[in-house]
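Here is a chain to read through a handful of questions. Keep the sequence and the model side by side.

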Amino acid sequence: MPYKSESKPLTSIVSYPERGEGGNNRYRGNCSPRLIEDLLGFFRPGEICDYMCGSGTTKAAADKLGIGSHLYDLHSGFDIMNCEIPERPEFIFWHPPYWDIVTFSDVMYKASDVQKNYGYDPRQYDLSRIPDWESFVEKMNYAMMKQFSALEKGGRMAVLMGDIKKKVCFTVCFLKSSSRVPWRISSSRPSITAFQTRSSIAENSFRFCMNM
């Protein structure tokens, strides 16, 4: 393993008073690169894949630790709903949109640039632009299982997801799409859940909540 640091344990709650370096902190919805560094340091995969990479925080964390990364996003020609995943990932980090809290296409990047460079309008496929809740959850579960199914045997997928608070009600952003997959998301703060493949069965192998 080409890691530049020793493996270290993770606690059930993590807090990052300082964001750390990597990615663009002005890109709405980004997370601390220290979170990804800690996940990589704990699980120690040979490489990491991110299919909604945003401003590139995952790459910055991987580069810091000296491991390879494969990054994709709707703004750079990859649509998770319609494109084939081109590898068998060992480790996936996924930080999807929180429904309509932040709109990405034509807000965080220009839809016209994507249309010019890749030949499609990203607003048609942007999950953050889905108007109704049930459709959003359905597409989120499809995207989740598509990535999970692409994992190599023994691979892991870490999902960072916050809950939605509207009219003093908390709503989790995943429904149980399979009895084999234990979706358990915190109802009070952003949380990470890591799933590991083992004989085609999802194991909830690691879970923690974070304060940011």
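Helices here are DSSP runs of H or I with at least four residues, strands are runs of E with at least two, and both are numbered from the N terminus. The model is predicted.

Q: Where is the place of Asp-106?
A: Asp-106 is not a glycine, yet its phi is positive, at about 65°. Its relative accessible area is 37%, so it counts as partly exposed. Its place is in the loop between β4 (91-94) and α3 (111-118).

Q: Which residue with a positive phi follows α1?
A: Most residues other than glycine have a negative phi. The residue after α1 has a positive phi, near 55°, and is Arg-44.

Q: Is Arg-44 buried, partly exposed or exposed?
A: Arg-44 sits in the loop between α1 (33-43) and β2 (47-50). Buried means under 20% relative accessible area, and exposed means over 50%. Arg-44 has 21% relative accessibility, so it counts as partly exposed.

Q: What pattern does the protein chain follow along the sequence?
A: The chain holds 4 helices and 9 strands. Read along the sequence, they give β-α-β-α-β-β-α-α-β-β-β-β-β.

Q: What share of the contacts with a separation of 6 or more comes from residues 24 or more positions apart?
A: The chain has 212 residues, and 49% of them are buried. Of its contacts with a separation of 6 or more, the share from residues 24 or more positions apart is 65%.

Q: What part of the accessible surface belongs to carbon and sulfur atoms?
A: The accessible surface of the chain is about 10700 Å². The part that belongs to carbon and sulfur atoms is 48%.

Q: How many residues lining the largest pocket are nonpolar?
A: The largest pocket holds about 480 Å³ of space. Its lining has 32 residues, with Met-52, His-95, Pro-96, Pro-97 and Phe-104 nearest the centre. By class, 7 are polar and 5 are charged, while the nonpolar ones number 20.

Q: Which residue's side chain does a polar contact of 2.8 Å join to that of Ser-128?
A: Ser-128 lies in the loop between α3 and α4 (133-150). Its relative accessibility is 2%, so it counts as buried. Beyond four places in sequence, Ser-128 is in contact with several residues, including Pro-97, Trp-99 and Phe-104. The side chain joined to it by the 2.8 Å polar contact is that of Asp-126.

Q: Which residue's side chain does a polar contact of 2.7 Å join to that of Asp-126?
A: Asp-126 has its place in the loop between α3 and α4. With a relative accessible area of 8%, it is buried. Not counting residues up to four places away, Asp-126 touches Leu-74, Phe-104 and Ser-105. Its 2.7 Å polar contact between side chains is with Ser-105.

Q: What distance separates the C-alpha atoms of Asp-126 and Phe-104?
A: Asp-126 and Phe-104 are 22 residues apart along the chain. Phe-104 is among the residues that Asp-126 touches. Their C-alpha atoms are separated by 7.4 Å.

Conventions
Residues numbered from 1 in each chain as written. Predicted model: local features only at pLDDT ≥ 70, side-chain atom pairs only at ≥ 80, totals over all residues. Heavy atoms only, no water. Buried < 20%, exposed > 50% of the residue type's maximum accessible area, 1.4 Å probe, protein only. Contact = heavy atoms within 4.5 Å. Areas by Shrake-Rupley, 256 points an atom, 1.4 Å probe, with all protein chains shown as cover. 1 Å grid on protein atoms, 1.4 Å probe; cavity = no way out; pocket = protein on both sides within 12 Å on 5 of 7 lines; lining within 4 Å. Points joined across faces, edges and corners; volume = space filled by probe spheres on them. Nonpolar A, V, L, I, M, F, W, Y, C, P; charged D, E, K, R; others polar. Polar contact = N/O pair within 3.5 Å; in protein donor to acceptor, adjacent residues only side chain to side chain.
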